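Let's take a walk through a model together. Have a look at it first, and then we'll go through it piece by piece.

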Amino acid sequence: MTTTSLTSSRGAGRAGDKVFSGATLAAGCLILAVLFGVALFLVVQAFPALTASPDMIKGGEGFFAYIWPIVIGTLIAATIALVIATPIAIGVALFISHFAPRQLASSLGYVVDLLAAIPSVVYGAWGAAFLAKEISPAYNWLASNMGWLPIFQGPASATGKTILTAGIVLAVMILPIITSLTREIFLQTPKLHEEASLALGATRWEMIKMAVLPFARPGIISAVMLGLGRALGETMAVALVLSSGALTASLIQTGNQTIAAEIALNFPEASGIQVSTLIAAGLVLFVITLGVNMIARWIITRHKEFSGAN
Amino acid sequence: MTATLTPVKKRSALTKGQLPKWAPYLVLAVALVLSAAIMALIGFHAFGWGLVSAILFAAGLVGWSGAVEGSRKAKDKLATCLVVGSFLIALLPLVSVIWTVLVNGLPGLMDPGFLTTSMNGVTGAFDNKSVEEGAPVVGGIFHALIGTLLITLVATIISVPIGLLTAIYLVEYGNDRPLARSITFFVDVMTGIPSIVAGLFAAAFFFAIVGPGTKTGAVAAVALSVLMIPVVVRSSEEMLKIVPNELREAAYALGVRKWRTILKVVIPTAISGIASGVTLAIARVIGETAPILVTAGFATSINYNVFSGWMASLPTFIYTQILNPTSPSNPDPSSQRAWGAALVLIILVMLLNLIARLIARAFAPKTGR
């Protein structure tokens with residue numbers, strides 16, 4: 001061939017191309033391998049617990065009797081966090097994108113991002129030392145005035161270290177995630193839609209209700225699901241704040257436990273079959289959060305063409 | 001003079017039926033005074049005062065607006081109040097956390113030797129003595145500081161090459177192939193892996209390869225890498241994408257090989273963004289507790305070797321000092337040490353965030369003409 005002299009004049013260069021693109025490809029595949037490795041090693045190490053005789057597992061009634069109360073506890077804590085964080089996060093995102101003065105908006109966004117920078121163990125320590133103490137009078141009030149609701153059944157915990165406190169701390173921790181994602185989506189609302197509705201005489205709230213929120217709905221849903229994924233797997237806030245116990249319906253009594261906190265509290269001293277049990281619990285948590293995250297990412301990708309979110 | 005000659009100050013027809021400009025300030029002042037009066041009746045509490053004032057302010061402004069301007073304007077005012085209120089609520093925990101850590105952490109940080117000694121040989125007897133006889137609190141966080149820095153360093157050394165190469169693959173070689181799309185998708189999914197599961201993975205991996213019960217700094221570094229790689233990939237990918245295509249085409253036109261173009265043109269252009277992304281990733285994993293808890297164990301003495309022996313770190317130090325105080329009967333010295341360590345950790349994380357922002361701002365690539 002006559003043209004090869006141009007492209008293969010320096011063999012070293014071509015080899016360099018091959019080596020480099022091979023290295024980048026290998027790194028990409030390694031990430032996929034790591035993700036499958038996570039699942040594989042968790043399954044391998046968890047296997048003894050799944051097949052062990054029921055009396056070997058903590059509680060003495062087999063793995064499923066052990067795991068389901070803490071799965072429910074995890075869901076309760078995450079639900080509390082979402083119920084508190086979602087409206088506030090949407091409000092904060094709207095404030096930064098549509099209400100705050102333009103010059104202030106980016107620095108206000110940075111202030112909210114600071115919430116994400118604080119390490120989880122510090123939140124846990126704050127929740128245990130400050131929030132639990134400050135909030136326990138409110139629990140007493142709830143127990144005496146709204147005790148007829150099963151979730152506020154008394155007597156309230158004297159220390160305030162309940163699943164509701166843990167849920168509030170979790171809400172603070174997932175707030176910046178939901179806020180920053182929804183803010184990005186609100187900012188991408190087509191300017192023409194907003195201006196058209198204002199020109200028709202809509203107030204600012206009507207403009208947001210009719211132009212911004214319908215446009216952002218899929219983005220909000222996926223942001224909330226990403227927040228849910230984080231709340232499900234968060235460890236330290238629950239491990240430090242909650243005095244754990246058996247599954248109870250009341251949110252203001254001592255009790256309940258989450259998977260992540262159960263692992264963190266027991267893994268350091270565990271041995272033998274206990275290690276397998278805890279790794280199996282981790283596997284359950286991994287499967288739940290993987291499902292939640294994949295659904296959220298799927299929603300984002302499906303709406304990518306016209307929302308450009310993330 | 002007759003009444004007809006006095007100049008009547010008439011409001012323009014355009015502003016009729018609107019609240020005057022000073023209306024919110026008046027309502028705010030009234031709300032503050034009223035709620036202060038209520039607080040004086042039932043006992044003063046700063047938080048309660050703020051809350052009651054906010055509710056009174058919103059109710060007053062919305063009610064007045066509803067009476068003068070109609071329900072549409074009133075709804076708009078209500079929405080504004082709710083949105084601003086939610087922002088103020090979001091600020092509360094931030095202020096409260098920073099205040100709590102500062103107040104509780106400064107006494108610990110002021111102790112002589114807090115940053116330069118370890119907990120080696122510090123037993124409950126010392127803590128009992130400091131509480132009962134007023135002796136200074138002994139023990140420090142040097143071992144935890146060393147552990148945190150070493151574990152994070154190893155995690156960075158593992159994650160940055162893998163993350164950067166993957167980002168290069170996605171941007172320069174991927175071309176939206178199925179493999180590239182699945183890598184993007186799974187990197188996104190990986191960002192959602194709970195940190196404790198990453199720790200369990202590293203533990204399970206080393207239990208299977210090296211032997212049961214292997215707990216060293218290196219295991220913790222692998223766990224942190226699992227959390228760090230997706231962050232590095234995402235941020236580097238964003239940065240590589242904004243490198244203008246003209247630069248690549250100019251290099252190709254000069255006959256430069258693709259890999260030389262990437263190394264000499266693309267990466268230098270994007271290096272500030274990549275560096276700030278890596279710094280933010282470090283800031284994210286340096287405060288992770290759960291993965292280190294299950295992979296590196298607890299140590300009270302200084303360990304410089306990442307590959308053997310248990311290692312302490314700042315987050316696990318805070319955790320153990322709170323949950324299992326050195327002296328169970330007198331937990332105060334332990335909690336003082338924990339808050340001191342928390343203050344050091346927050347300062348570290350904030351510094352890293354600040355550095356990342358400075359890098360991004362100082363060397364921002366100039367994409368404009």
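## Where the chains meet

Two residues are in contact if their C-beta atoms, placed from the backbone, lie within 7 Å. With that in hand: 67 residues of chain B are in contact with 69 residues of chain A. Helix α3 of chain B (residues 71-110) gives the most to chain B's side, with 19 residues. (Helices are DSSP runs of H or I, at least four residues long, and strands are runs of E, at least two; both are numbered from the N terminus.)

What is chain B's side made of, by class? There are 49 nonpolar, 11 polar and 7 charged residues. Here Ala, Val, Leu, Ile, Met, Phe, Trp, Tyr, Cys and Pro count as nonpolar, Asp, Glu, Lys and Arg as charged, and the others, Gly among them, as polar.

## What kind of model this is

This is a predicted model: local features need pLDDT of at least 70, side-chain atom pairs count only at pLDDT 80 or more, and totals for chains, interfaces and linings use all residues. Residues are numbered from 1 along each chain as its sequence is written, while chains are lettered from A and ligands numbered from 1 in the order in which they are written.

pLDDT is the predictor's confidence in each residue, from 0 to 100. Chain A averages 83, and 93% of its residues score at least 70. Residues 1-9 of chain A stay under 50, with 1 contact beyond four places in sequence. Residues 306-310 of chain A are also below 50, but this stretch has 13 contacts beyond near neighbours in sequence. Where pLDDT is low, the predicted coordinates should not be read in detail.

## A helix pair across the chains

Helix α5 of chain A (residues 120-145) packs with helix α12 of chain B (residues 314-323) at an angle of about 20°, their axes 10 Å apart. Axes are lines fitted to C-alpha atoms, for helices over the stretch in contact, and angles run from 0 to 180 degrees between N-to-C directions. So α5(A) and α12(B) are roughly parallel to each other (angles under 35 degrees count as roughly parallel, over 145 as roughly antiparallel, 65 to 115 as roughly perpendicular and the rest as oblique).

Which residues of α5(A) meet α12(B)? V121(A), A125(A) and A128(A) do, and their partners are P315(B), I318(B), Y319(B) and I322(B).

## Two domains in chain A

Chain A is split into domain 1 (1-51) and domain 2 (55-306), with bounds from an automatic or database domain assignment. Their C-alpha centres lie 37 Å apart.
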